[in-house]
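Trainee: I would like to go through the terms used for this structure and hear what stands behind each one.
Mentor: Bring up the model, and ask about one term at a time.

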Amino acid sequence: MATAIQSANDPMHDPITIEIIQSSLAAITDEMFATMRKTAMSSIIYEVLDFGVGMFDAEGNLASSGAGIPAFVGMLEPGVKAILRKFDGDVHEGDIFMTNMPHFGGVSHLNDVVLILPVYADGKLIAWLANKAHWPDVGGAFPGSINPEALDIYQEGLQLPEVRIIDKGQINQALLDVITTNSRVPDTTLGDFWAGIASTRAGEKRVKAIVAKYGFDTVRFAIEDYLDLGEARSRRALQELPFGTYNSTEVMDDGQKLQATITISEDEFLVDLRGNPAQNASAMNCSFDATFVDAQMIFKAIASPQTFANAGTFRPVRMLTDKGSMFDAEYPAAMSTYYEVSMLAFDLLWKALAPALKDKLPAGHYSSICGTFIGGPHPDTGVAQSIVEPQLGGWGACSDRDGLNALYTGYHGETYNCPVEVTEQRNGLMVDRLALTTKPGGEGEFIGGKGIELDYRVIEDNWWLTMAYVRSEVGPWGLDDGRQGSTNYVVVRKADGEETRYSSCTAIELNKGDVISVLTASGGGYGDPKDRPKNQVLNDVKNGYLTAEGAREIYAVEA
C-alpha cells in the first residue's frame, strides 16, 4: 500500500505543476486508446471501438479513462483490484496480467478480455494500466462464444482467472497457446492480444516519462489529488440535484417485472435494485460490478456529464442488490448476454429519474445493445470469420425537441457502426440496405428518434447467426402521454422465401442467399400526439416518418 500523501494545500506542491500532470493523465489514456485502435485485428475493436482503457493509482482506483465504451472503463477498476487481491505483493516490473471471468474481476462476459500492467518508477509501484476489449471468439459451445441459452459459464468459453501472461517481461507461451487453441479465430485473437499489450506499454512509457520529469512523490500526489478533485466536483453537482426518492418499474419481454428505487440526498446517490428476479438458468445475468457501472453512468449523466471521470467522481454512489439476483448473479451463472441485462438496469434507473429531470433525460431509447454475431467461411479465402456488431437505434424525445435517429445506446457511448466497405470486403457479407425504420411507434408532441432497418446478405454456405435483443415485445417508454416506441428484433429470410422472426437465437444455420434483416426500435415519444403542430406532422409524412393514415389516426391531421 502507498504511504499517506500530503495535503492538497501543502505549499511543497506547485498547483500549476500538479494541473499539468493531471492533464497528462488524460493524454496517457488517449494514447493507449489510439494505439489499440490502430493495431487491433478485429473490426469490432478498430471500427466499432468496442473497448476501453484506463489508468489507476497504486491501489487500483481509476485515475483517468480514455474514450470508447463508458461501461468498459468503469469495469476496469474491479479487474485491477482482483489482481491486487490475488497476487498480494507478488507483482513485478515487466508483468502483465489477464482476466475475463465476470464474477471475479472480469465483470462483463468471457469475450471481454482485460489486460493489466503494473507501472514501476524508481523501483516502486506508481500506477496500473488496463485495457479491456471484446475478442470475437474465446471458445465455448458455439462460435462467437455467445450462447443466450447457456446454463452456466462453462458452456461459454475459456475462463482466465486472473493469470500472469507476461512474467518480468517473458511471455508465458504455454498459456498463450492455450488461449489461441481455444479460439476458432486464433490469428485474430493473437493480433488483438498483442494490440492490447502494445496499448498498455504505450501508456507505461508515458507514465515513466512523467515520473522522470516531475518526480515520484509529485506524480503520486497529483494522482491522488485528481481523485479528490473528482469527488469534490461530484459532491457539488449532487447539491444541484432534486433530493428525494424516485421509483420505476418495467416489464421484461418474458413478463417478469423489474423495479428500481433511487434516493438522492445531500451526501449520497443511493440505487436500490433489491426485489428483482433471481439469476436465470440462461445467459441473461450480469455481475454486481457490471450493474454498479449502470449506477455510475446514470449519476454521471445527470451530475457532471461534461467533466472527467475517475474513482473520486463516484464516491457518492452506493448500490444495494440481492445476491443471486439477475443483477448480481453468482458463479457459475452464464453471462454471455450480460449486456442486455445491464442495459435493462441502466434504462430502469433512467426511467426512475426522467420525470423529475426532464431537462436532462429524454424518454426511453431503444435500450438494447442488439449485439449481432455472424460468422462462417469467408467467400474469398474460406477462412472462418466471426463478426460482432452492436446496432444503432432511436433515442427518446425530449421535452423540447424530437429524439435523435440511429445512435448507439447511452450504455455504449463513443462507438461507431462498422462501415459497409469493411463488412463486405473484410468480413465477407453484403449489406443490401441500411435505412431508418418505417415502423410506427414513439409518437407524441415530440417524436422518438428512428431506429434502423439493416439487411445483411449471406454469400457463402455454412454461415451462422447468434443474437439476443431485449425490448423485442415491450417498446421504449414515453413521457407525459408520449407513445411507446417500436421494438427490436431480427427477421431471417431464407433464399427459398421462408421468413422467421427472432428476439433470440443461437448459431442458427445460414446459407448463400439468406438475408438477416435487423430492425431496431424507435425511441419513446414526449407529450400528447394531439399537441404536435400540424406543419410538423405534414413534414413527418413528407420525410417518410409517418404515413398519411397514421397522421389521420394518431394526430388528426389530413395529409
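Predicted model: local features only at pLDDT ≥ 70, side-chain atom pairs only at ≥ 80, totals over all residues.

Trainee: What makes the contact of helix 3 with helix 7?

Mentor: Helix 3 brings P70, A71, G74, M75 and P78, while helix 7 brings D289, A290, V293, Q296 and M297. By class there are seven nonpolar residues, two polar and one charged. Gly counts as polar, and G74 is one of the residues in this contact.

Trainee: Why is helix 1 called roughly antiparallel to helix 5?

Mentor: The angle between helix 1 (residues 15-39) and helix 5 (residues 186-214) is about 160°, with the axes 8 Å apart. The term applies to angles over 145 degrees, and therefore helix 1 is roughly antiparallel to helix 5. Their crossing, helix 1 with helix 5, is right-handed.

Trainee: What classes of residue are in the contact of helix 1 with helix 5?

Mentor: Eleven are nonpolar, nine are polar and three are charged.

Trainee: At what angle do helix 7 and helix 8 pack?

Mentor: The angle is about 35°, and the axes of helix 7 and helix 8 are 9 Å apart. Roughly parallel is kept for angles under 35 degrees. Helix 7 passes helix 8 in a right-handed crossing.

Trainee: Which residues make the contact of helix 7 and helix 8?

Mentor: From helix 7 they are A290, T291, D294, A295, M297, I298 and I302. From helix 8 they are Y338, S342, A345, F346, L349, W350 and L353. The contact of helix 7 with helix 8 divides into eleven nonpolar, two polar and one charged.

Trainee: What is the volume of the largest cavity, and which residues are closest to its centre?

Mentor: The largest cavity has a volume of about 140 Å³. Its lining has 16 residues, and D50, H134, Y339, I369 and H412 are the closest to the centre. Helix 8 (338-353) and strand 13 (384-389) each supply at least two residues of that lining. The lining of the largest cavity has nine nonpolar, four polar and three charged residues.

Trainee: Which element gives the largest share of the lining of the second largest cavity?

Mentor: That is strand 15, with three residues. Helix 9 (420-425), strand 14 (429-436) and strand 15 (452-458) each supply at least two. The residues lining this second largest cavity include E389, N417, C418, V431 and Y456. Eight of the lining residues are nonpolar, three polar and one charged, and the space in the second largest cavity is about 80 Å³.

Trainee: What is known of the largest pocket?

Mentor: Its volume is about 1200 Å³. The largest pocket is lined by 46 residues, with P70, K300, A301, P305 and G410 nearest its centre. Strand 2 (62-68) supplies the largest share of the lining, seven residues. Helix 3, helix 7 and helix 8 each supply at least two residues as well. By class, the lining of the largest pocket has 24 nonpolar, 14 polar and eight charged residues.

Trainee: What is the omega of the cis peptide bond, and where does P332 lie?

Mentor: The cis bond joins Y331 and P332, with omega about 10°. P332 is in the loop between strand 11 (317-320) and helix 8.

Trainee: What is the phi of E162?

Mentor: Phi of E162 is near 55°, a positive value in a residue other than glycine. E162 sits in the loop between strand 5 (124-134) and strand 6 (163-167).

Note on methods: Residues numbered from 1 in each chain as written. Heavy atoms only, no water. Contact = heavy atoms within 4.5 Å. Helix = DSSP H or I, 4+ residues; strand = E, 2+ residues; numbered from the N terminus. 1 Å grid on protein atoms, 1.4 Å probe; cavity = no way out; pocket = protein on both sides within 12 Å on 5 of 7 lines; lining within 4 Å. Points joined across faces, edges and corners; volume = space filled by probe spheres on them. Axes fitted to C-alpha atoms, helices over the stretch in contact; angles between N-to-C directions. Left-handed = near helix turned anticlockwise from the far one by under 90°. Parallel < 35°, antiparallel > 145°, perpendicular 65-115°, else oblique.
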